[in-house]
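Have the model open in your viewer. This tour goes from one chain to the place where two chains meet.

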Amino acid sequence: MRRLVYLSLIVLLIAASVNLQSQAAQSAPFSIQAPVELQPALSALYKARYNAEPFFVERDGDLIATDDPAFLPSGMGGVPPHFLPEAFFLLARPNAEAEAFVAYAVSADGQAALIEGGFLPKSVTVTDQAGNTIEVVQPVRRVITPYSIATYLVYGVGGSSRLVAGGYLGTRDPVGAARMTALDPRFPTLSGYTLNQREINIEQVAQLAPDLIITSARTAWLDTVRELNIPFVLLQGESPELLKQSVLLVGQLLGPNTAARAKAWIGYYDAILAQVVARTQDITERPKVLFVGESPLRVISGEMYQTDIIAAAGGQSVSAALKGYWNDVNLEQVALWNPEVIVIAPYGKITPQTFAESPEWAIIKAVQDGKVYKMPTWIAPWDTPVMDSVLGVIWLAQKLFPGRLTLDCAQEAMFFFKVFYDHDLPADEIAAVCGS
Amino acid sequence: MRLITSRAWRRDAAAVSSFRRQLAYSSLLLPIVLILLSLLLGLYNIQPQTIVKALLSLIFPQAAEGISATELTLILRIRLPRVLAAALIGAALAGTGAAFQGIFKNPLVDSNLLGVTSGAGFGAALALLLGGTALMVQGFAFGFGLLAVMLAYMGSRLYSSAPLIVLTLMGILIGSFFTSLTALTKYVADPLNTLPAITFWLLGGLTGVTWNSVPLLAAITLSGSLFLWAVRWRLNILSLGDAEATALGMNPTRLKLLIILCATLMTAAAVAVGGVIGWIGLVIPHAARLLVGTDHKQLMPMSLALGASFLLVIDNISRTLLPAEVPLGILTGLVGVPILIALLRRSQTVW
Amino acid sequence: MLEAENLHYAYKPEKPTLRGISLTLRQGTILYLLGRNGCGKTTLMSCLSGLLRPQSGTVRLHGRDLRSYTPAERARHIGLIPQLHTPAFNYSVREMVLMGRAPHLGLLAAPSRGDYAIADAALESVGLADYRERPYTQLSGGERQLVLIARGLAQECRILLMDEPDAHLDLNNQQRVMERVARLAADGLSFIISSHVPNNALMYAHRVLLMKRGTTLAYGAPEHILTETLLTAAYELPIEVIRAEEQPRAIVPRKVSG
């Protein structure tokens with residue numbers, strides 16, 4: 001909520017600094033207030049949209065275009081729409097036509113107009129997380145994301161209008177599907193393809209005619225797709241640093257606006273992590289956390305992102321020495337670890353009840369103390385390398401250190417979804433999900 | 001080359017055969033000793049005398065005094081049921097393997113010949129897909145294991161000629177059919193939670209075994225083993241083929257049906273608890289044959305005992321080698337295949 | 001003691017294999033079944049041993065319909081000695097013979113000491129007492145036939161049906177097996193032997209049934225049946241019976257080519 005207040009404060013300041021309303025040209029639906037160096041790019045955009053010259057004003061424009069970072073919302077604020085890597089819009093007052101123009105500016109068509117005018121590069125060259133260098137022609141109009149994690153990254157950086165098909169997680173569950181449809185009405189169409197890391201229908205892909213595929217470094221069918229000559233970018237985000245890299249990569253690929261949002265998310269992520277560290281750094285005995293998957297004895301390895309989430313939240317994963325992916329362990333090993341807290345993955349079919357009712361698990365400290373929790377989720381699971389995982393850190397830190405954090409899971413979730421998914425979460429529901 | 005006169009041969013051979021008999025019966029002690037030794041092993045360090053006291057407390061509750069709840073739980077609720085389950089499953093797989101090799105007159109088959117394991121695998125995958133509890137997974141595995149064999153058997157009845165070959169063929173067909181169905185469930189399974197669950201289940205393991213799984217497994221395995229034990233001599237005759245068995249006054253079809261039913265129940269119960277654990281049914285009867293010869297009178301007890309012992313050892317490795325469990329299916333394959341190759345080389349003349 | 005009357009059997013209705021075969025086996029005699037491949041000898045043996053049920057006609061054992069015997073009862077009277085084969089598993093000679101005790105034991109029972117003694121005695125009576133611990137598959141063909149005869153003895157049956165006991169055997173082994181059969185017949189056992197070696201019938205048979213396409217071509221004492229005319233008709237080939245000292249000594253086909 002605080003950030004929204006900041007945002008409106010700035011808008012009010014700008015409005016107040018403009019004391020006299022200038023004479024608006026009768027022909028233009030809105031006026032634009034912009035520094036001289038941004039005007040050629042704006043003219044190109046405006047011409048492409050209205051086939052007319054824009055109406056620039058020096059003060060009190062309906063729409064403000066600027067590259068002055070002072071106009072950016074301070075703190076962990078929202079991200080204004082960027083039409084150039086450093087330049088963005090601010091709406092001075094409600095104006096439907098100006099809003100439509102902003103939407104056009106950040107769309108693929110707007111990006112194309114700016115490329116034609118020579119204001120944006122014709123292509124971007126990136127090194128993906130498998131180490132391949134790929135040149136991707138801009139703008140990307142049709143992206144497919146067989147790797148579900150990548151799908152959520154595209155949503156998170158605000159590029160979902162470019163999505164034509166994607167993999168999703170947890171949407172076989174009607175609750176998950178309903179939430180996803182609420183977030184994106186196009187979800188039923190986008191998810192209606194045979195598309196995941198293991199399987200792909202190559203003819204379907206050819207028919208979708210994507211100009212970019214974003215998938216996982218562990219994808220099984222890469223060789224087939226090479227035949228289609230479609231550029232593909234491979235992600236591998238199983239650590240905070242790698243996750244930040246993935247987000248940045250996806251942002252860069254889809255234009256200046258998504259790139260700016262990716263950067264803003266990284267700022268937000270770092271700030272939250274720093275805040276948790278600040279609140280917990282004096283604790284010398286890190287609580288021992290066992291993170292289990294869909295069965296009580298299936299636990300994470302040290303190579304999985306969940307280990308980092310636990311560390312970021314101020315705990316230590318007892319199974320950090322394990323290698324690979326999920327590992328089965330026996331109760332003797334759990335007894336040796338004797339975790340103080342057990343976290344169940346959001347998608348686990350087990351509940352804290354499962355542990356409480358088992359006579360065998362009664363010997364484990366976390367069960368004795370009733371500290372078995374199921375991690376909440378909204379759309380993408382908060383323990384996977386998606387942008388939402390920041391909420392997983394907050395939630396876990398709250399569970400590990402009740403009362404120590406000023407952050408609140410539900411409140412942050414509302415803010416996070418508003419800013420990065422452009423979606424308003426139902427307050428009561430998210431509060432229930434967070435258990436706060 | 002030692003020249004064996006017929007008289008010397010007779011004496012030596014008689015000694016060998018009586019030695020084999022003794023070996024077969026004394027081998028039954030091996031799993032009992034191994035069960036006790038296995039209780040001493042575990043990642044959690046527990047003193048042997050504590051284990052003895054904990055075991056005694058089953059009869060004399062006061063013996064448990066001074067033992068921590070953790071140790072008591074680990075010994076009596078984790079190690080004991082798991083060790084028993086390993087022994088029972090090993091015995092079931094090896095005993096049914098020996099029985100199937102006998103009735104199918106083929107030393108290279110095991111009790112999965114008629115598709116019970118494939119059926120059970122699909123049942124478990126389906127239950128996992130439907131989000132079932134552990135009990136439901138076991139029930140489905142058991143039920144579909146039986147169903148697969150029933151389908152194979154009924155399918156073979158459609159043809160009157162060469163019933164054994166047709167039954168084998170049907171078993172293979174039904175087995176691959178269920179394997180395909182399992183692949184289908186994996187295809188539609190949610191990659192987040194259901195798919196890893198199915199994959200782990202298919203690799204086999206006793207990680208989650210508690211007392212809940214043991215009573216039914218024990219009842220089926222022990223009564224099944226008793227039946228296989230009782231008909232062990234008849235297996236010799238069945239292995240000669242239907243015509244000779246009939247001429248010797250038997251009803252081979254009925255007896256084989258009983259044995260298949262019994263072996264299927266045992267295998268389905270074993271698979272339901274332990275997942276797919278391969279190779280034991282194939283390798284152990286061979287090893288047993290090398291020790292006591294082909295006579296099922298000795299082969300059956302030896303297979304049961306060796307199977308129980310083998311899986312106990314393998315499971316001990318699985319649960320103590322690394323902090324993470326090594327799936328049993330992988331270990332039995334890694335250990336079993338080289339053993340089988342060695343045995344096949346040595347035993348060419350035995351069958 | 002074993003009588004067959006007007007037996008009919010068809011695996012496929014349009015192609016009957018047996019068409020009205022009758023025979024009588026008396027105690028202590030050897031009955032030979034001769035005829036070309038596919039004339040129905042093996043089917044007849046199967047009907048007589050109870051493995052197949054004739055579609056019409058009756059088989060009577062000691063005056064009682066064979067169908068009224070339980071399999072175990074029947075097996076206590078009639079033993080079957082199959083053609084030379086190699087079992088999937090290599091049992092000892094003694095184990096093979098012991099299997100003859102099956103019709104005398106309950107389904108879940110294992111053989112007792114007494115059964116072992118009977119098996120050993122049976123081996124003794126075919127002259128293979130020293131072989132009892134040997135692996136069955138390491139024996140010669142003739143020895144295997146003798147082991148299977150011993151199994152029939154352990155079965156304590158008085159009628160033994162032998163399916164081509166002379167197949168795959170050299171002359172020495174054939175002679176060894178047939179001499180033992182003749183001695184057992186003299187002791188009161190009865191044999192029905194299907195064979196492709198008419199010479200053995202000439203030497204050992206008390207009765208001969210000459211079959212052709214599922215029917216009886218001729219049935220009676222060997223001297224009446226093993227004639228050039230009948231044999232030529234049965235084998236559809238010119239056959240010569242060579243006589244010496246007024247006795248038929250050998251049955252050979254006539255050379256047809258140059």
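Predicted model: local features only at pLDDT ≥ 70, side-chain atom pairs only at ≥ 80, totals over all residues.

**Stop two: the fold of chain A**

Switch to cartoon and color by secondary structure. Chain A shows 18 helices and 16 strands.

Does the radius of gyration fit a compact globule, or depart from one? It fits: chain A has 24 Å, which agrees with the value near 22 Å for a compact globule, because that is what 436 residues would give.

Next, display contacts. Take those between residues at least 6 apart in the sequence of chain A; 65% of them join residues at least 24 apart.

**Stop three: surface and interior**

Color chain A by relative accessible area. Of its 436 residues, 55% count as buried. Then draw the surface. Chain A exposes about 17900 Å², and carbon and sulfur atoms supply 53% of that area.

**Stop four: where chain B meets chain A**

Select both sides of the interface. On chain B, 34 residues are in contact with 26 residues of chain A. How much area do chain B and chain A bury between them? The figure is about 2800 Å², with 61% of it on carbon and sulfur atoms.

Finish by selecting Y187(B), L192(B) and F200(B). In chain B, these residues lose the most area to chain A. Together they account for 24% of what the chain B side buries.

Notes:
Residues numbered from 1 in each chain as written. Chains lettered and ligands numbered in written order. Heavy atoms only, no water. Helix = DSSP H or I, 4+ residues; strand = E, 2+ residues; numbered from the N terminus. Rg over C-alpha atoms; globule rule 2.2 N^0.38 Å. Buried < 20%, exposed > 50% of the residue type's maximum accessible area, 1.4 Å probe, protein only. Contact = heavy atoms within 4.5 Å. Areas by Shrake-Rupley, 256 points an atom, 1.4 Å probe, with all protein chains shown as cover. Buried area = accessible area lost by both parts, 1.4 Å probe.
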